Amino acid sequence: MAVLVNGRLVTEPDEIEDLADTNGFLDVTFVFVQAERSNSFDASKIGSFGFGVRDFFAERPTLPQNDAVQEAAAITNEIFRRSSRFKRGNPRSHLYYVTTGKWVVDTNLEVRRRSVVEDLQQLNVFSAVTFDCVDAERLHKLYSASKNAVRCEIVFSERTVIPEIPGVEQAYLGLLPATEFLKLIENETGAIVSSLFYDNVRDWQDWNPVNSEIKQTLSTPETVVRFPLMNNGVTIVARNVMPTGNRFTIEDYQIVNGCQTSYVLHACKEHLTANVLVPVRLIATQDEEVKNAIIKATNRQTTVSEDQLFALSDFPKKLEMFFPTFDGKKKLHYERRSRQYSSTDTVEKVRIVNQTALVRAFAAMFLEKPHSTTRNYKALLKTMGTDIFGKEHRLEPYYVAAYASHRLEFLFRSQVLNSKLKPARYHLLLAARLLADPAPLPRFNSNEMGRYCEKLQTSFWQDEVSKTLFEKAVSVVQNVSGGNLHRDHIRTEPFTETLIRHILGTGRVRRAAPNAGAAP
């Protein structure tokens, strides 16, 4: 089971409050998968699968729930408590029953599948319910798609070629029929692909006055024909563009400007025809500097804060280059761009660290704010470029935080540590650091910080040493919490301070401010 909220995989209930406050809405998708090694589809198993999903959403579930399902239920309860934030409609629910067999039109199987969908629809909590039976052929296609870059084919006849520009392989200006444009931003189920807007500095801003006006333009026959004259258009940057006549194949692309236009077109798609034209810039470049310059320039034409453009700055790029410089199992990969490692078989997924995970681990271990990693994550983001990802910061503490988090998650996966401890994972990271080296933190821009981190990473690299550290951290956290690991109890600043005093004593010396002091 997976819960996707506002395009993000949610693993903790506290994240719901943060996403609701940050975005102002909740766009929710529930995904349930039952995978069988069997080479056939079983009607009774389809029915049991559907019953299990329906029971999950019942007010009083009758089936027993393991720890993972209980955690998912807690997330679900937080979502429905905030149903007033469902501004884009009720949640969607997608079920997938997977076997290695071949799906054929079988009346018994089809009736059972439709019955599951109808049962879930009768709950009246979903805007859409789908149930797909995935056979070996489709499974193979899905696997291939997960390993390859985003790829789409469109017909782009109304265009002009932009003259040669250094660093740019191809560039076009033109008008793309709305029906062709939708192919670029939607998946096979008709849902919008939110990852395409990762490099766009703004997320969807909901139905603000500007977006409502765009919708009004598209909904009125007299104004829809003027849409290409009234809209600034969309900028698409791709790694590869392969034209054959008017047919264009576009690979590994991002919508770097035009997120709002894209979402409104998606919302209004039932009323769109090929006569509705979308102004488009299509640029093919392998040069990251050129891409970043285009993103900044196209977004400077409207008010954009500096922190929104921060992901394009030098520090994240340095982290991206620094993380893989270690050998063997010490190597990690910082994912600066969404899906940048998706087509690379040599990179283990568990060794990929995204921005959210890194910010939380660093804030917990080195800023001593494990209580702020979920509920107050929005506040942490406001410190990007200063307390976090500071321009003069050394890179080592970020790697140490990422690697320590990687080791902790391994201990949870291998069941060395009980999964019931997961709500305290960020306090465990802080406790492990203090137990490994209780010395006051050096300044983040100092050579001393580099030496401090060398000692820490040596401890976390050694399997038995890191295991012992985390087991001691568990003992301390359980002692301080009195065995009460409920989020409302432990994710507070007083609890963090009590934990620190328990490890260091009442005479602890607080760390220096992250940007204080002389140059390194």
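1. Two strands pair if DSSP finds at least two bridges between them. Helices (H or I, at least four residues) and strands (E, at least two) are DSSP runs, numbered from the N terminus. The model is predicted: local features need pLDDT of at least 70 and side-chain atom pairs count only at pLDDT 80 or more, while totals for chains, interfaces and linings use all residues. Residues are numbered from 1 along each chain as its sequence is written, and side-chain values use heavy atoms, with hydrogens and water left out.

2. Five strands make up an open sheet of mixed pairing, in the order E2-E1-E3-E4-E5. Strand E2 (8-10) and strand E5 (128-134) stand at its edges with a single partner strand each, so one side of each has no neighbour in the sheet. From one strand to the next the twist averages 25°; axes are lines fitted to C-alpha atoms, for helices over the stretch in contact, and angles run from 0 to 180 degrees between N-to-C directions. E3 and E4 are parallel and share seven bridges, and Val-31 stands opposite His-94 in E4. Helix H3 (residues 67-81) lies across strand E1 (2-5), E2 and E3, at about 155° to E3.

3. Strand E9 (residues 234-244) and strand E10 (residues 247-257) run antiparallel and are joined by nine bridges; Val-237 has Gln-254 in E10 as its bridge partner. Contact here means heavy atoms within 4.5 Å.

4. Rings of Phe, Tyr and Trp (its six-membered ring) pair if their centres lie within 6.5 Å; planes under 30 degrees apart count as stacked, over 60 as edge-to-face and the rest as tilted. The count is 30 aromatic pairs. Phe-41 and Tyr-97 are edge-to-face, because their ring centres are 5.7 Å apart and their planes stand at 70°. Phe-41 lies in the loop between strand E3 (28-35) and helix H2 (43-56) and Tyr-97 in strand E4 (residues 92-98), so the pair ties together parts 56 residues apart in sequence. Both residues are buried (under 20% relative accessible area; exposed is over 50%, partly exposed in between, with a 1.4 Å probe and protein chains only).

5. The largest nonpolar core has 60 residues, of which Phe-323, Phe-366, Phe-389 and Phe-460 touch the most other members. Such a core is a set of buried Ala, Val, Leu, Ile, Met, Phe, Trp, Tyr and Cys residues joined through side-chain atoms within 4.5 Å. H15 gives the most to this core, with ten residues. A second, separate core of 36 residues includes Leu-196, Ile-250, Cys-259 and Cys-268.

6. Lys-330 lies over the face of Trp-461, at 4.2 Å from the ring centre (NZ of Lys or CZ of Arg within 6 Å of the centre and within 35 degrees of the ring normal). Arg-360, in helix H13, counts as buried at 5% relative accessibility.
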